[in-house]
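Student: I would like to learn how to read the features of a structure like this one. Can we go through it piece by piece?
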Amino acid sequence: MVAGSGSASARRSAGRLNAPRAALVETGPGETPRFVNREQVTLVREEWRVVDRWWTEDPVDRRYFEVVLESGRNVCVYRDREQSCWFTQNA
Amino acid sequence: MFPVIAYLLIPGFELRVALRALPRLALVPAALAPEAGEEPLLGPVTGAAEAAGVKPGMRLGEALATCPSLVLVDRDPAAVEREWEGVLLRLEDAGFAVDPSDQGAVVFETRGVERLYGGVQPALERALAAVGSTWDSRIGAAGRRFTALAAASVARAGQILIVAAQDEQAFLEPLPLSLLPMTSDRYAELEGLGLRRLGELAQLPGGAVAERLGVEGRNAWRLAHGGRRARVRGRRPAAELVEALVFPEAVANELTLRRALGSLLERLLARPERAGRPFRKLALAARLVDGGSWRRAITLRDATAELGRLRAALGPKLSELPAPILELRLETVELAEHMGQQLTLVEPAGEEAVGRLREGLRQVRASTGTGSVCAVVEVAPWSRVPEARALVVPRDD
């Protein structure tokens, strides 16, 4: 086991603000989120799509949901249609 | 042409240092004792202990059941610090700008000294020679930090293993997943999925790994592809300002210890090498009566050279001593650059707040290292993709 191999370099390089983080999302009818990171969704406040950079090799095709969780937290999640996985993000 | 990044590894460095005082234990089953107050997990182990089935990180009870004759060696953090600093200084004397990642592991680039020594291989040979043969050090070199670390991890003692850029992926593929910095739960999860080698992890789609294993899995997947290509920044050389006091017999009395500390502070403040600069970070170390050692580093809120303030900052640490001591040492870890603060008759508006903010940031940097203070820079605030709007950039000015 080798500890912290890339940590020092990672600390010193520029990073993106509001970078997406992988999330565990269970969906219900219409592919809307029912659970986010094992916490139940009580309300879907808003939904929108972002389709961008389709002319590049790194296209963006996301379906965003702003949801309220059981704990009262407001969370933004999106499904990346290119990678077919869910992420949370401060949008 | 990208720079060659070299990783110099000394496996089980802490145990090697502890065994220098007890060389007879090097040939018997011995292991570094768990840290006091921490989970009872073994540190590095000797070859004889490994042959008897004891592994580093094993639970103490399990290890003693596996090998009843196992000898536990006390940790000696002060000696480890001293010896490691010696290794780093010898590398720096040879011209390498070193970035220590852990005790026993240091990374550096060869670009600056390749012409001096006549190429990458001779430069790395010089680095090994500078460290000396007693430590069984080994070097891995590659274009990326993780690949260099992986190469050093599989190299034999005294060996230099250089991985060419085009061979990096092929080199990493057969290596075990244990090279990745992950928790034991993650290893178990990956093993449950039938993954054993870096190549097997690298072949999976990145998105699927991130979804299943989260950020840790994503990082591991990235490292399995060789990791990021990043430059190495050498550390700022430490000042060699140390004062020590040896007691004729073991001392535990707090009043005596505080007087000893006061005397050490006076001697350190009088050292001409300080050139009037105040202290930013100091370390208090002691040799314990039972043969062990103790060390605490203190970062000061404001860099100072006032005896009273230094005494007030360091004094309470003496009550944390676990046993009577035979020697007390005071080491300068970092000196501040400025000589003092010039007072002005009329302070410009906002100047004081800016000065205080700058000083605060300097304190954070001193205690957490370079790269820990960042600024947010807007790059495309109009973008519909949230993460494309701004960057977090390290500020070391």
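Tutor: Start with pairing. Two strands count as paired if DSSP finds at least two bridges between them. Keep in mind that this is a predicted model.

Student: Which order do the strands take in the open sheet of four strands of chain B?

Tutor: The order is 8-11-9-10, and the pairing is antiparallel. Strand 8 (242-251) and strand 10 (293-304) of chain B are the edge strands, each pairing on one side only. From one strand to the next, the twist averages 20°.

Student: How many bridges join strand 8 to strand 11 of chain B?

Tutor: Six bridges join strand 8 of chain B to strand 11 (residues 325-335) of chain B, and the two run antiparallel. For one position to look at, take Val246(B): it stands opposite Glu327(B) in strand 11 of chain B.

Student: Which strands does helix 12 of chain B lie across?

Tutor: Helix 12 (residues 254-269) of chain B lies across strand 8 and strand 11 of chain B. Its direction is at about 155° to strand 8 of chain B. Now look at helix 13 (residues 307-314) of chain B. That helix lies across strand 9 (279-288) and strand 10 of chain B, at about 135° to strand 10 of chain B.

Student: What is the strand order in the open sheet of five strands in chain B?

Tutor: Here the order is 4-5-1-6-7, and the pairing is mixed. Strand 4 (98-102) and strand 7 (160-162) of chain B stand at the edges with a single partner strand each, so one side of each has no neighbour in the sheet. Neighbouring strands of this sheet are turned by 20° against each other on average, direction ignored.

Student: How do strand 1 and strand 6 of chain B run, parallel or antiparallel?

Tutor: Antiparallel. Five bridges join strand 1 (residues 5-9) of chain B to strand 6 (residues 138-142) of chain B. Ile5(B) has Ala142(B) of strand 6 as its bridge partner.

Student: What about the hairpin of strand 4 and strand 5 of chain B: how many residues lie between the strands?

Tutor: Two residues lie between them, and Gly104(B) in this hairpin takes a positive phi near 100°. Strand 4 and strand 5 of chain B pair over four bridges in the antiparallel sense. Asp102(B) has Ala105(B) in strand 5 of chain B as its bridge partner.

Student: Which strands does helix 7 of chain B lie across?

Tutor: Helix 7 (residues 145-154) of chain B lies across strand 1, strand 5 (105-109), strand 6 and strand 7 of chain B. It runs at about 150° to strand 6 of chain B.

Student: How should I describe two packed helices?

Tutor: Two packed helices are described by the angle between their axes and the distance between the axes. Take helix 1 (residues 13-20) and helix 4 (residues 77-93) of chain B: their axes come within 9 Å and cross at roughly 105°. Angles of 65 to 115 degrees count as roughly perpendicular. That makes helix 1 of chain B roughly perpendicular to helix 4 of chain B.

Student: Which residues make that contact?

Tutor: Helix 1 of chain B gives Phe13(B), Glu14(B) and Val17(B), while helix 4 of chain B gives Ala79(B), Val80(B), Glu83(B) and Trp84(B). By class, the residues of this contact are five nonpolar, no polar and two charged.

Student: Now the interface. How many residues of chain A are in contact with chain B?

Tutor: 30 residues of chain A are in contact with 34 residues of chain B. Several elements of chain A give two or more residues to this side, including helix 1 (7-12) and strand 5 (39-52) of chain A. The largest share, four residues, comes from helix 1 of chain A. This side of chain A has 14 nonpolar, eleven polar and five charged residues.

Student: Which strand of chain B pairs with strand 1 of chain A?

Tutor: Strand 13 (residues 390-394) of chain B does, over two bridges in the antiparallel sense. The bridge partner of Arg16(A) is Leu391(B) in strand 13 of chain B.

Student: Where is Asn18(A) found?

Tutor: Asn18(A) sits in the loop between strand 1 and strand 2 of chain A. Its phi is near 60°, positive in a residue other than glycine. Asn37(A) also has a positive phi, about 50°, although it is not a glycine. Its place is the loop between strand 4 (33-36) and strand 5 of chain A.

Student: Why does Asn18(A) count as partly exposed?

Tutor: A residue is buried with 20 or more other C-beta atoms within 10 Å of its own, and exposed with 12 or fewer. Asn18(A) counts as partly exposed because it has 16 C-beta neighbours inside 10 Å. Asn37(A), with 16 such neighbours inside 10 Å, counts as partly exposed.

Methods
Residues are numbered from 1 along each chain as its sequence is written. Chains are lettered from A and ligands numbered from 1 in the order in which they are written. This is a predicted model: local features need pLDDT of at least 70, side-chain atom pairs count only at pLDDT 80 or more; totals for chains, interfaces and linings use all residues. Axes are lines fitted to C-alpha atoms, for helices over the stretch in contact, and angles run from 0 to 180 degrees between N-to-C directions. Two residues are in contact if their C-beta atoms, placed from the backbone, lie within 7 Å. Ala, Val, Leu, Ile, Met, Phe, Trp, Tyr, Cys and Pro count as nonpolar, Asp, Glu, Lys and Arg as charged, and the others, Gly among them, as polar. Angles under 35 degrees count as roughly parallel, over 145 as roughly antiparallel, 65 to 115 as roughly perpendicular and the rest as oblique.
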